[in-house]
Amino acid sequence: MGRLNVNLCGIELDNPVIPASGTFGYGYEYADLYDINILGTFSFKGTTKDPRFGNPTPRIAECTAGLINAVGLQNPGVDKVISEELPKMREVFHKKVMANVSGFSVEDYAYTVQKLDAVEDIGWFEVNISCPNVHGGGMAFGTDPTAAATVTKAVREVTKKPVFIKLSPNVTDIVAIAKACEEAGADGISLINTMLGMRIDLKTRKPVIANVMGGFSGPAIFPVALRMVYQVAHAVNIPVIGMGGVSSGEDVLEMMMAGAAAVEVGAANLVDPWICKKIIEDLPSVMDKYGITTLEELSKGVR
């Protein structure tokens, strides 16, 4: 293995940097800016069984040390993702990709994963049971261990590919939910999704986004994300993908020291479209600064 290589459920990545779902489209949108094959992989836009227009606008707003969004899982539905989006992705990205899947019922999740399972390019599934921006699904499955396990088991039964369950930070006991997913057959855990937040415009006296509340992301949530990654990584025996406010090579190393096997970059992509490329290029010098020879040596984390 090379200096930056990591292994994610048996698939080797050139580096641990993964653009997070919802911030990188289907990859081809960024391919005009740089060669996206420099990435470890990426998690493509959250896909649902049926097409979704998403929430009403305005649905994204900047705020102190981050942003609030309530896009609402806008996507063309799994059939068009397979027939239209993934062929375009395939032209510019030549590695295994991570498929992010959302749903509004257990059956929805299983249906969408089963459909995508036949796509050879997909190396892993990232099952989002933690979206705070939709009604009648999303986060509702990720706040209860039993519900989380039910979704995990249903998805596990329709694919042999590695399944990562993406968890919400908007819970009291993140470890209990992660362990329930592990026991139900999850191959890994992704965390954290956005925190639930809101802002009010003092001039209009109305919430800044139409959905009133939305997902708060960005540098401000990094300490919370790091804490939860540390807690979960030390409680389960499956790999953890860490995310939440990551925007530098130092953040990547800190996440990996907390126990993450790989690291996703989310909101930072919307601030600086080249951020993942910059992080990957900076990693060797940041590792030199802290006396780290290979990322593999961080696999034991800190205690």
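Reader: Which residues of H4 and H5 meet?

Author: In this predicted model, Pro 145, Ala 148, Ala 149 and Thr 152 of H4 meet Ala 176, Ile 177, Ala 180 and Cys 181 of H5. By class, the residues of this contact are 7 nonpolar, 1 polar and no charged.

Reader: What makes H4 roughly parallel to H5?

Author: Helix H4 (residues 145–156) packs against H5 at an angle of about 30 degrees, with the axes 8 Å apart. Angles under 35 degrees count as roughly parallel, so H4 is roughly parallel to H5. H4 passes H5 in a right-handed crossing.

Reader: Why are H5 and H6 called oblique to each other?

Author: Helix H5 (residues 174–183) and helix H6 (residues 222–233) pack at about 45 degrees, their axes 9 Å apart. Roughly parallel requires an angle under 35 degrees, and roughly perpendicular one of 65 to 115. H5 and H6 are therefore oblique to each other. The crossing of H5 past H6 is right-handed.

Reader: Which residues make the contact of H5 with H6?

Author: Ile 174, Val 175 and Ala 178 of H5 and Met 228, Gln 231 and Val 232 of H6 make the contact. These residues divide into 5 nonpolar, 1 polar and no charged.

Reader: What lines the largest pocket?

Author: The largest pocket, with a volume of about 750 Å³, is lined by 42 residues. Ser 21, Thr 23, Asn 69, Thr 194 and Ser 217 lie nearest its centre. By class, the lining has 18 nonpolar, 19 polar and 5 charged residues.

Technical notes. Residues are numbered from 1 along each chain as its sequence is written. This is a predicted model: local features need pLDDT of at least 70, side-chain atom pairs count only at pLDDT 80 or more; totals for chains, interfaces and linings use all residues. Side-chain values use heavy atoms; hydrogens and water are left out. On a 1 Å grid over the protein atoms alone, a cavity is a set of points where a 1.4 Å probe fits but cannot get out, and a pocket is an open set with protein on both sides within 12 Å along at least five of seven lines; lining residues have an atom within 4 Å of a point. Grid points are joined across faces, edges and corners, and a volume is the space filled by probe spheres set on the points. Ala, Val, Leu, Ile, Met, Phe, Trp, Tyr, Cys and Pro count as nonpolar, Asp, Glu, Lys and Arg as charged, and the others, Gly among them, as polar. Axes are lines fitted to C-alpha atoms, for helices over the stretch in contact, and angles run from 0 to 180 degrees between N-to-C directions. Helices (H or I, at least four residues) and strands (E, at least two) are DSSP runs, numbered from the N terminus. Angles under 35 degrees count as roughly parallel, over 145 as roughly antiparallel, 65 to 115 as roughly perpendicular and the rest as oblique. A crossing is left-handed if the near helix is turned anticlockwise from the far one by less than a right angle, and right-handed if clockwise. Contact means heavy atoms within 4.5 Å.
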